[in-house]
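These are a colleague's comments on the model shown below, arranged as numbered points. Please read them with the sequence and the structure side by side.

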Amino acid sequence: TPEISSSGDAWRRRRALKQPRMATLAAAVRGVWLSYEALEGKDNAAAVRRCLRYWTVFAAFVFFEAYAEPWLAWFPGVRLAKYALAAAVFAPPAAWGVVDGVFACGLSPLAHAGHALAHASIFGALAVAYDLAL
């Protein structure tokens, strides 16, 4: 076909664009199933908490895939490391608590640090603006 060069570069680019979508789709389908089980189960509080943590970790991976990976794509092995980490986090059964560990040890401290940094930056800027206004 005319859009595929003799070296197959266009085909490789199209194939590379589909791979992240498939990994994201697989993790999303698993999250949907966990959510369904949580909503249908009798012990809703613990199961819903586990689902919320799952979706928070999933959102962090999607955020990385959309915004950070393009900046790091030139580094060899980034995509392979991302897939290996996603498989290690999302593939094990929920009872193993891998997602809960990633949430508690990785995302929660990062979220608290980001909140503290944003809080300090915003109120620092407001304090400078107030001092300049006087």
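1. I begin with arginine 53, which at a relative accessible area of 26% is partly exposed, given that buried means under 20% relative accessible area, exposed over 50%, and partly exposed in between (1.4 Å probe, protein chains only). Arginine 53 forms a salt bridge with aspartate 100, and the closest N and O atoms are 3.9 Å apart, where a salt bridge is a side-chain nitrogen of Lys or Arg within 4 Å of a carboxyl oxygen of Asp or Glu. Since arginine 53 lies in helix α2 and aspartate 100 in helix α4, the pair ties together parts that are 47 residues apart in sequence.

2. On the basis of these comments: this is a predicted model, in which local features need pLDDT of at least 70 and side-chain atom pairs count only at pLDDT 80 or more, while totals for chains, interfaces and linings use all residues. Residues are numbered from 1 along each chain as its sequence is written, and side-chain values use heavy atoms, with hydrogens and water left out.

3. The salt-bridge count comes to two. Besides the pair already described, lysine 82 forms a salt bridge with glutamate 65, the closest N and O atoms being 2.9 Å apart. This pair links distant parts of the chain, with lysine 82 in helix α3 and glutamate 65 in helix α2, 17 residues apart. Lysine 82 is buried, at a relative accessible area of 6%, and glutamate 65 also counts as buried, at 18% relative accessibility.

4. As to the overall fold, the protein has four helices and zero strands, where helices (H or I, at least four residues) and strands (E, at least two) are DSSP runs numbered from the N terminus. Buried residues make up 18% of the 134 residues in the protein. Among contacts (heavy atoms within 4.5 Å) between residues at least 6 apart in sequence, 58% join residues at least 24 apart.

5. Which residues touch the most other members of the largest nonpolar core? That core has 14 residues, and those in question are Tyr54, Val57, Phe61, Val89, Phe90 and Val99; a nonpolar core is a set of buried Ala, Val, Leu, Ile, Met, Phe, Trp, Tyr and Cys residues joined through side-chain atoms within 4.5 Å. Helices α1 (9-40), α2 (44-72) and α3 (78-90) each supply at least two residues of this core, and α2 gives the most, with six residues. Leaving aside residues up to four places away in sequence, phenylalanine 61 touches Lys82, Leu85, Ala86, Val89 and Phe90.

6. Serine 35, in helix α1, counts as buried at 17% relative accessibility. Not counting residues up to four places away in sequence, serine 35 touches Cys51 and Trp55. Cysteine 51 is itself buried, with a relative accessible area of 7%, whereas cysteine 105 counts as exposed at 67% relative accessibility. The disulfide count comes to zero, a disulfide being a pair of cysteine sulfur atoms within 2.5 Å.

7. On the surface, Ile122, Phe123 and Leu126 form a nonpolar patch with about 310 Å² of accessible area together. Patches are made of residues with over 30% relative accessible area and no salt bridge, like charges being joined within 9 Å and nonpolar side chains (Val, Leu, Ile, Met, Phe, Trp, Tyr) within 5 Å. Phenylalanine 123 is found in helix α4 (residues 98-133) and counts as partly exposed at 47% relative accessibility.

Terms used: Accessible areas come from the Shrake-Rupley method with a 1.4 Å probe; for residues, only the protein chains shown count as cover.
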